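Open the model in your viewer and keep the selection tool at hand. The tour goes from one stop to the next.

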Amino acid sequence: MISDPIRLGVAGLGRGFMLTLPSILDDPHVELVACAAPRENSREAFVARFGGSAHATIEGLANDPDVEAVYIATPHQMHREHAEILAAGGKHLLVEKPLAISMDDANAIVDAVGRAG
């Protein structure tokens with residue numbers, strides 16, 4: 001069941017996230033609750049600004065029970081792996097464009113979401 005606001009996690013705290021952040025903050029139907037990023041200082045800055053939890057890995061974000069959906073804003077070549085992990089964790093996905101860097105990767109993402117229901 002999806003709540004209102006949707007409890008959103010973010011995978012990747014770089015340029016893609018920063019460009020989308022104003023829209024996320026302006027939407028009353030979205031609440032930032034978690035992030036995953038490899039750099040500790042980025043995670044600490046996220047928690048200081050938004051609260052919630054911060055994970056060093058995508059697996060941590062996938063296993064976070066407070067997260068309903070994840071905005072995947074990691075580098076394009078990582079989208080497939082991250083989408084597969086997050087879908088298997090039961091998360092709804094919003095993937096930064098492009099969805100994938102190959103049709104094989106795009107099809108794998110679609111298949112992962114299908115398997116997850």
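In which hand, left or right, does α1 pass α2? Select both helices: the crossing is right-handed, meaning that the near helix is turned clockwise from the far one by less than a right angle. This is a predicted model, where local features need pLDDT of at least 70, side-chain atom pairs count only at pLDDT 80 or more, and totals for chains, interfaces and linings use all residues. Residues are numbered from 1 along each chain as its sequence is written, and side-chain values use heavy atoms, with hydrogens and water left out.

**Stop 1: α1 and α2.** Select residues 15–26 for α1 and 40–50 for α2; their axes come within 15 Å and cross at roughly 15 degrees. That makes the two helices roughly parallel (an angle under 35 degrees). Now show side chains. Phe 17, Leu 21 and Leu 25 of α1 meet Phe 46, Arg 49 and Phe 50 of α2, with contact meaning heavy atoms within 4.5 Å. Five of these contact residues are nonpolar, none is polar and one is charged.

**Stop 2: α4 and α5.** Go to α5, residues 103–116. α5 packs with α4 at an angle of about 5 degrees, the axes 9 Å apart. So α4 is roughly parallel to α5. On α4, pick out His 79, Arg 80, Ala 83, Glu 84 and Ala 87. Their partners on α5 include Asp 104, Ala 108 and Val 113. The contact divides into seven nonpolar, one polar and four charged residues.

**Stop 3: Gly 90.** Select the loop between α4 (79–88) and β5 (92–95) to find Gly 90. Gly 90 has a relative accessible area of 54%, so it is exposed (over 50%, with a 1.4 Å probe and protein chains only). Finish with a distance: the C-alpha atoms of Gly 90 and Gly 52 are separated by 19 Å. Along the chain, these two residues are 38 residues apart.

Technical notes
Axes fitted to C-alpha atoms, helices over the stretch in contact; angles between N-to-C directions. Helix = DSSP H or I, 4+ residues; strand = E, 2+ residues; numbered from the N terminus. Parallel < 35°, antiparallel > 145°, perpendicular 65-115°, else oblique. Nonpolar A, V, L, I, M, F, W, Y, C, P; charged D, E, K, R; others polar. Buried < 20%, exposed > 50% of the residue type's maximum accessible area, 1.4 Å probe, protein only.
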